[in-house]
Amino acid sequence: MHYAYSTIGERLILGFEVTIIGVLIVFAVLALLSLIISLLSKVLQKISKADQKETDVPAELSFDMDLTEEVKPPDKAGFVSGEAVVFGADDEEVAAILAAISFDSDIPLSEMRIKSIKYMEK
């Protein structure tokens, strides 16, 4: 079976048909990929929800925060001076660690004496 497209009009029509078929094939493949990605996303969400249910914290250990209550920061601010020799950490990191320890232990920074901070690997 041999088609002879001798005129320019026939060749243009053939080219248009090939273009339309190619575009339809591309869109069909994209729709198929979209469907596959959507299905995989839903499956992965169900798997992650199942993992979360297994690792849920018991109700007695959960922490609910009352957002209506005004929280006042403890009066721990004040002038603090001292000398620190820091190796391998920024001053900001050390300040953040000290502030966290002070806040958690309810000891003002002016009364704290920290001798060393060591990095612990997990």
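**Charged patches and helices**

Let me begin with the negative charges. Asp90, Asp91, Glu92 and Glu93 together form a negative surface patch. Please bear in mind that this is a predicted model.

How exposed is Glu93? Its relative accessible area is 41%, and Glu93 therefore counts as partly exposed, since that class lies between the 20% and 50% limits.

I stay with helix H2 for a moment. The helix has 15 residues, and from its first C-alpha to its last it reaches 21 Å. That span is close to the 21 Å expected at 1.5 Å a residue.

What follows H2? The next residue is Asp106, with a positive phi near 55°. Asp106 has this positive phi although it is not a glycine. Asp106 belongs to the segment after H2. With a relative accessible area of 58%, Asp106 is exposed, because the value is over 50%.

I now turn to the positive charges. A positive surface patch is made up of Lys42, Lys46, Lys49 and Lys53. Of these, Lys53 lies in helix H1, which runs over residues 8-54. In general, an α-helix has 3.6 residues a turn, so residues three or four places apart point the same way. Is Lys53 buried or exposed? Lys53 is exposed, because its relative accessible area of 64% is over the 50% limit.

Finally, I come to the protein as a whole. How many helices and strands are there? The protein has two helices and zero strands. It has 122 residues, and 3% of them count as buried. The accessible surface comes to about 12,100 Å². Carbon and sulfur atoms account for 63% of that surface.

Thank you for your attention.

Note on methods: Residues are numbered from 1 along each chain as its sequence is written. This is a predicted model: local features need pLDDT of at least 70, side-chain atom pairs count only at pLDDT 80 or more; totals for chains, interfaces and linings use all residues. Side-chain values use heavy atoms; hydrogens and water are left out. Patches are made of residues with over 30% relative accessible area and no salt bridge: like charges are joined within 9 Å, nonpolar side chains (Val, Leu, Ile, Met, Phe, Trp, Tyr) within 5 Å. Accessible areas come from the Shrake-Rupley method with a 1.4 Å probe; for residues, only the protein chains shown count as cover. A salt bridge is a side-chain nitrogen of Lys or Arg within 4 Å of a carboxyl oxygen of Asp or Glu. Lys and Arg count as positive and Asp and Glu as negative; His and the chain ends are not counted. The place of a charge is taken as NZ of Lys, CZ of Arg, CG of Asp or CD of Glu. Helices (H or I, at least four residues) and strands (E, at least two) are DSSP runs, numbered from the N terminus. Buried means under 20% relative accessible area, exposed over 50%, partly exposed in between (1.4 Å probe, protein chains only). The expected span of a helix is 1.5 Å times one less than its number of residues.
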